[in-house]
Amino acid sequence: MKPHPIRRTLAATAVLMLAGTASAGEIEVLHWWTSGGEAKAAQALKATLQAKGHVWKDFAVAGGGGDAAMTVLKSRVVSGNAPAAAQIKGPSLQEWAAEGVLANIDDVAKADKWDDALPKVVSDVMKHKGHYIAVPVNVHRVNWLWLNPAAFQKAGAKPPTTWDEFFVAAEALKKAGIVPIAHGGQNWQDLTTFETVALGVGGGEFYRKALVQLDPAALKSPTMEKVLATYKRIKDYTDKGAPGRDWNLATAMVIKGEAAMQIMGDWAKGEFIAAGKVPGKDFACMAAPGTAKAFTFNVDSFAMFKLKNEANTKAQKDLAAAILSPEFQETFSLNKGSIPVRLNVKMDRFDDCAKLSSRDFVDTAKAGTLLPSLAHGMAAAPATEGALKDAVSQFWNSDKMSPKEAMEKIAAAARTK
Ligand code: BGC
């Protein structure tokens, strides 16, 4: 007997629906990309996943630098309700993996030859005991100075390449009624400025000894004293509104010309671009004073959590594969202000800031001055980094603490395990 036409259609629909449920998974992604440029970049990730037929569940926790996001993540994982993927970076990936909650994504990595496609300094961090547990997204450079050329022109000031020049320019800008440096007084921003000054004043070797190896002798050296004194001098050129200000609002001051400079990683470029500003015309980038021959890197990455549901696991693997596709690498970094982490992605569509970053990433790796950013989770375990953030912030905010006292506090914080 021939099946009834309606029954036949129903059966076909059922097959289709089954196919649909088998491949469409839901993927919950925790991140802290909520500013203008960041949100555009996150949107690119969402669109990529949706194009594969999956459902994106956004788990955004606002707060630059990600401390708030990490607190929320911990409570979710402890209660047995981990998201599929979370923005976790650097050494803290090892801590999460040691808890046994991360998934092995070697199959995706093998199929796409991640070992060949990534710089080794990056792929090593994405593995736990030799197995991939995370996927890198991009490379941010932290040691940047962002400038508003019109503000410099108005003040008759020259973009600074040394710290001495920086203070000359800052004085001229102040006289012209322009806030010389846009700062957001939050501990991670205080540490971002501090590590950049440490690199500029002390050089690459000093940075490595003091802020990566946390060598007590370097942390309590005359160089460190000079770094701290220079750092504190910058505060005289920030405005009264700085305490507590979000980093993107500081960038907005430079965009509007209320302030002339910001020391910040190149996610700040994402803000200029999202505001329709043109690099080299409306804003400029240069390596922060004294740091042109070095590169403090900050690699964003997503750790993948163990999941039970098969369709969701498939969606998770699709996400991991999509993140490293050359097309996504380009689109994402164009919005985010970073450069692709995958090797050999074409840079034609990128601006001069990104091209410089890309060249310097390679050159500094050869010269031994490619250094992990302490303030952005690349250099120390989270507890140590947290203690250092607090110690440096205390010094920044205190009217009484001398650089000598600060050195003792910072050296003590460096011993936090
Ligand atoms: C992250 C960036 C982010 C920035 C500001 C950094 O630690 O790596 O992706 O844009 O914080 O939130």
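**Figure 1. Residues around the ligand.** Glu 38, Lys 89, Asp 300, Lys 336 and His 376 come nearest among the 14 residues around the ligand. A residue counts as near if one of its heavy atoms lies within 4 Å of the molecule. The model is predicted: local features need pLDDT of at least 70, side-chain atom pairs count only at pLDDT 80 or more, and totals for chains, interfaces and linings use all residues. Residues are numbered from 1 along each chain as its sequence is written, and side-chain values use heavy atoms, with hydrogens and water left out.

Figure 2. Asp 300 places a polar side-chain atom 2.7 Å from a ligand oxygen. For Asn 298, an N or O atom of the side chain is 2.8 Å from an oxygen atom of the ligand. Gly 65 uses a polar backbone atom, 3.2 Å from a ligand oxygen. On its own the ligand has 310 Å² of accessible area, and the protein covers 100% of it (Shrake-Rupley method, 1.4 Å probe).

**Figure 3. The shell by residue class.** The shell around the ligand holds 4 nonpolar, 6 polar and 4 charged residues. Asp, Glu, Lys and Arg count as charged; Ala, Val, Leu, Ile, Met, Phe, Trp, Tyr, Cys and Pro count as nonpolar; the others, Gly among them, count as polar.

**Figure 4. Where the domains meet.** An automatic or database assignment sets the domain bounds. Domain 1 spans 5-139 + 298-361, and domain 2 spans 144-296. In contact (heavy atoms within 4.5 Å) are 20 residues of domain 1 and 18 residues of domain 2.

Terms used. A polar contact is a pair of N or O atoms within 3.5 Å; within protein, one must be able to donate a hydrogen and the other to accept it, and residues adjacent in sequence count only if both atoms are side-chain atoms.
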